[in-house]
Amino acid sequence: MNIHEYQAKALLRSYGAPVSDGRAVLKAEEAKTAAGELDGPLWVVKAQIHAGGRGKGSFKEADAGEKGGVRLAKSVEEAAQEAKKMLGRTLVTKQTGPAGKTVNRIYIEDGSGISRELYLALLVDRATSRISFVASTEGGMDIEEVAESTPEKILSFSVDPATGYQQFHGRRIAFGLGLEGAQIKQCVQLMGTLYKLFVDKDMEMLEINPLIVTDKGDLKCLDAKMGFDGNALYRHSDIAALRDETEEDPKELAASKFDLNYIALDGEIGCMVNGAGLAMATMDIIKLYGAEPANFLDVGGGATKEKVTEAFKIITSDPNVKGILVNIFGGIMRCDVIADGVIAAVKEVGLQVPLVVRLEGTNVEKGKEIIAGSGLNVIAADNLADAAQKIVKAVKG
């Protein structure tokens, strides 16, 4: 689960990390009051969406030469005016894709004098199963671009969970970023604060880009992105309350309410599979035979008829889907339950695209009998390769 910048900064502030004073604005008429509560003399007006690259983004409804999603203002009136311009419009960035995201929230904060821009992130390193620090002197840029063009400018190391964060970790980052004097002590303290916040709140990612050295020589978190482990949210009602459902894919949101593991993709073949590994293999073999998967969807090992029905409805709600492949291996999951769910879903939502079903495992013969006797136009498959070839052929003609 992701949260907005203003929410992330509130968390940072609650842990004592240095951030600018700011106000969130949800309605245009609140913008002037919010800006007036800040000191100035420079105000920064930021569109709040769950995507990076806002400053370089553009609005679909923009006039010629109009600025992106991060703007500077030199008065309360100008800040309020810029906020009103952005609210309700669609911001397109490198991370949103061409569809963009609607700006429903604005964050107005005090401007900062910037001497240097740095990059800092904490994330879970899948290779070591440890929390890793990633730092670079190239702040304000996409870290992927830095990694590709100047990888030597990235410092990365993991923290042993047996010891946790130690001051030498902070000093290593400080020296790697070229900090000096009092900045080193600030860095050691800030890294410890961020590590504690990361662990306390079960985060998956915490990115500060840029982490700046102000014109007065102090460190400050100028921007913040946070992602949280969805499986741990039951422990953090305060974090769960920050969820903004308008920022999420409607299909993924619907799936989460039925405990389905769904991720929307850009292809044309919808997939319904049980088990994450089998789902990955199914997507791979679809690509092998010349098509693209429209989603990752794992209905789980103990799915009910109702969950299968909902999964099918979510797949068919995607206008990009030109065909559907159901691939079930019945271990804990029974093939007859899948068959009942598929038939119920087809009868409820209709079937406008080709459907290939491959069943194997527990109650497989019963499942095949149910589908065969349903009268539905379903293409049966004997194995995974056969299923993939049949659905690709049906979609591609």
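My entries follow, topic by topic.

**Ground rules**

I'm working with a predicted model: local features need pLDDT of at least 70, side-chain atom pairs count only at pLDDT 80 or more, and totals for chains, interfaces and linings use all residues. Residues are numbered from 1 along each chain as its sequence is written, and side-chain values use heavy atoms, with hydrogens and water left out.

When I write helix (H or I, at least four residues) or strand (E, at least two), I mean DSSP runs numbered from the N terminus.

**Cores**

I started with the nonpolar cores, meaning sets of buried Ala, Val, Leu, Ile, Met, Phe, Trp, Tyr and Cys residues joined through side-chain atoms within 4.5 Å. For burial I used under 20% relative accessible area as buried, over 50% as exposed, and in between as partly exposed (1.4 Å probe, protein chains only).

The largest core has 41 residues, and Leu-12, Phe-133 and Met-226 have the most contacts inside it. Which helix gives this core its largest share? I found that helix H6 (residues 182-200) does, with 9 residues. Another core lies apart from that one; it has 31 residues, including Met-272, Phe-312, Ile-328 and Ala-339.

I then listed what Phe-133 touches (contact means heavy atoms within 4.5 Å), not counting residues up to four places away in sequence. Among them are Leu-120, Leu-155, Phe-157, Tyr-165 and Ile-173, plus Met-191 and Tyr-195.

**H5 against H6**

Next I looked at helix H5 (residues 167-176), which packs on H6 at an angle of about 125°, with the axes 8 Å apart. Axes here are lines fitted to C-alpha atoms, for helices over the stretch in contact, and angles run from 0 to 180 degrees between N-to-C directions. So H5 and H6 come out as oblique to each other. The cut-offs are under 35 degrees for roughly parallel, over 145 for roughly antiparallel, 65 to 115 for roughly perpendicular, and oblique for the rest.

From H5, the contact uses Gln-167, Gly-170, Arg-171, Ile-173, Ala-174 and Phe-175. From H6, it uses Ile-184, Cys-187, Val-188 and Met-191.

I zoomed in on Ala-174, which sits in H5. Is Ala-174 buried or exposed? It counts as buried, at 0% relative accessibility. Its C-alpha atom is separated by 5.5 Å from that of Ile-184, 10 residues apart along the chain. Leaving out residues up to four places away in sequence, Ala-174 touches Leu-179, Ile-184 and Cys-187.

**Strands**

I checked an open sheet of 3 strands, in the order E3-E5-E6, with antiparallel pairing. Strand E3 (58-59) and strand E6 (101-102) are at the edges with a single partner strand each, so one side of each has no neighbour in the sheet. Strands count as paired if DSSP finds at least two bridges between them. E3 and strand E5 (residues 90-92) are joined by 2 bridges, and Ser-58 is opposite Val-92 in E5.

Then I turned to E18 (355-361). In E18, 5 of the 7 residues are buried, so the strand is largely enclosed by the rest of the structure. Strand E17 (residues 323-330) pairs with E18 in the parallel sense over 7 bridges, and Asn-327 has Arg-358 of E18 as its bridge partner. Strand E19 (residues 379-380) also runs parallel to E18, joined by 2 bridges; there, Val-357 has Ala-380 as its bridge partner.

**Helix H8**

In helix H8 (residues 250-257), I noted Lys-251, Leu-253 and Ala-255 as buried. The buried residues of H8 pack against strand E14 (261-264) and helix H10 (305-316). Asp-259 follows H8 and has a positive phi, near 60°.

- Gly-40 and Pro-41 are joined by a cis peptide bond, omega about 5°; Pro-41 is in the loop between helix H2 (31-36) and strand E2 (43-47).
- Ser-129 has a positive phi of about 60° and is exposed, with a relative accessible area of 62%.
- Asn-363 has a positive phi near 60° and is partly exposed, at 35% relative accessible area.
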